[in-house]
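Please look through the model shown below with its aromatic side chains in mind. The paragraphs after it follow some of their contacts in turn.

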Amino acid sequence: MAKNKEIVIRPPAGEIEFNIKEVWEYKDLLRELVMKNFRLIYKQTVLGPIWLIFNPIITSVVFTFVFGNFAGLETDGLPHFLFYMSGNTLWNFFANCINTNANTFRANAGVYGKVYFPRLTIPISHIISGFINFLMQFVSLLVFFFIYKFTGTELHIAPRMLLLPVIMLHTILLALAVGLVLSCLTYKYRDFVFIINLGMQLWMYITPVVYSMSNTGGWMHKVLLLNPMTPIVHNFRYALLGRGGCMIGSWAISIAFTAVALIIGIIAFNRSARNFVDTV
């Protein structure tokens, strides 16, 4: 005779609890949430996910004209378009993950208040959706990589490219950490929704997305190194395109910052998940 299975729903045992096993048990829900994200974004569009490819291409063309041809910024000897597209591809993934996760509680208050499931499932689903989008844009970036390679630009496939998965994992964890912290602010103070939109734009311009670190010097260079995204974007370009060298020291500091931010984000998220329904 089969025994009845008893399921006990309880609050997190500790504020730093990050129960991946429980999230995995809800993998079917996670898959449905990812599919829902795509349906919401591309519903009633003609081109659908093709817009994902057009977005960094069009933006890179504009940046090539404004920052490359007009402003004359150096790009470490790389073609302007390829330089800007590599930065745009990674930054778009990072910014989109933060923007979607920052509104987690407000956008899903109805669901959170009616049924139990691991609260981290929704932020993780946004990260997965963003990563799928990134992979599509990354494939288009590789297409241009080989176009430039076979038309005379000095680009090589080298062991340094093995750094790319590590860099992406770091980007994912940093985006998750920042998104969790911001989600705890936006459900209490709606003003943060507008501040985040402005802040992400400003953050991009203090990150070497549209310029190379070789264009900076003195105090400005030191200030930029305090930005945890600076070594990520710089090392992403180095791993893929082989220019600029690897910023090891700054990257180590960024990894340490990410670890601390992730711990703070999990603590803040677990605290907020207990009583946010009374606030939203």
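**Aromatic contacts**

Tyr84 counts as buried, because its relative accessibility is 0% and buried means under 20% relative accessible area, with exposed over 50% and partly exposed in between (1.4 Å probe, protein chains only). Phe63, with a relative accessible area of 10%, is likewise buried. This is a predicted model, in which local features need pLDDT of at least 70 and side-chain atom pairs count only at pLDDT 80 or more, while totals for chains, interfaces and linings use all residues. Residues are numbered from 1 along each chain as its sequence is written, and side-chain values use heavy atoms, with hydrogens and water left out.

The structure holds 16 aromatic pairs, where rings of Phe, Tyr and Trp (its six-membered ring) pair if their centres lie within 6.5 Å, and planes under 30 degrees apart count as stacked, over 60 as edge-to-face and the rest as tilted. The ring centres of Phe63 and Tyr84 are 6.1 Å apart and their planes stand at 80°, so this pair is edge-to-face.

The rings of Phe93 and Phe131, with centres 6.2 Å apart and planes at 70°, also make an edge-to-face pair. Phe93 is buried at a relative accessible area of 3%, whereas Phe131, at 27% relative accessibility, counts as partly exposed. Both belong to one aromatic cluster, formed by Phe93, Phe131, Phe134, Phe138 and Phe236.

A charged side chain also meets a ring: Arg237 lies over the face of Phe83, at 3.6 Å from the ring centre, the criterion being NZ of Lys or CZ of Arg within 6 Å of the ring centre and within 35 degrees of the ring normal.
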